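Have the viewer open and follow along.

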Amino acid sequence: MSLTIPILTDVHLITCIVQRGRADAVVQAAIEAGAEGATIHYARGTGLREKLGLWSIAVNAEKEVVTIAVSREQLNFVFERMFLAGKLDTPGMGFIYVTPVEKAATHIPPDILEKIVGER
């Protein structure tokens, strides 16, 4: 039995590291911008807190990390919305970056798969 795996090649992974308690707002903004879903996990940051302490800005070491896979078409809009929702224009609030994904696979409903294959 041969298994055919539908491979997605137009995928980018957005990773957004935010202060604890901000992830829900970032995910909601991404979904409203067209993302299908997100993964949230917890982390502890180091290094930046000492630097910002000079300016008397208290930075919590507890972080939330949001990862979202999007198509190239969605990338800029979702990225912008996540940046704004995370308040990443404020010192010490977090960091966001994009990683291109060489290939990815997941279940694709047959009707959508037919449309994708038909467009090629």
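The structure holds 1 aromatic pair, where pairing asks that ring centres of Phe, Tyr or Trp (its six-membered ring) lie within 6.5 Å. Phe95 and Tyr97 are the partners: their ring centres sit 5.6 Å apart and their planes meet at 40°, so the pair is tilted. For reference, planes under 30 degrees apart would be stacked, those over 60 edge-to-face, and the rest tilted. Tyr97 is partly exposed, at 33% relative accessible area; buried means under 20%, exposed over 50%, and partly exposed in between, with a 1.4 Å probe and protein chains only.

A word on ground rules: this is a predicted model, so local features need pLDDT of at least 70 and side-chain atom pairs count only at pLDDT 80 or more, while totals for chains, interfaces and linings use all residues. Residues are numbered from 1 along each chain as its sequence is written, and side-chain values use heavy atoms, with hydrogens and water left out.

Tyr97 also turns up in the surroundings of Leu13, a residue of strand S2 (residues 11–19). Strands here are DSSP runs of E with at least two residues, helices are runs of H or I with at least four, and both are numbered from the N terminus. Setting aside neighbours within four places in sequence, Leu13 is in contact (heavy atoms within 4.5 Å) with Thr67, Ile68, Ala69, Tyr97, Val98, Thr99 and Val101. Take Thr67: it is 54 residues from Leu13 along the chain, yet their C-alpha atoms are separated by 6.6 Å. Leu13 counts as partly exposed because its relative accessibility is 29%.

Next stop, Lys87, in the loop between helix H3 (72–85) and strand S5 (94–101). Its phi is near 55°, a positive value in a residue other than glycine. At 42% relative accessibility, Lys87 is partly exposed as well.

Now zoom out. The chain has 4 helices and 6 strands, running β-β-α-β-α-β-α-β-β-α from the N terminus. Of contacts between residues at least 6 apart in sequence, 77% join residues at least 24 apart. Buried residues make up 28% of the 120 in the chain.
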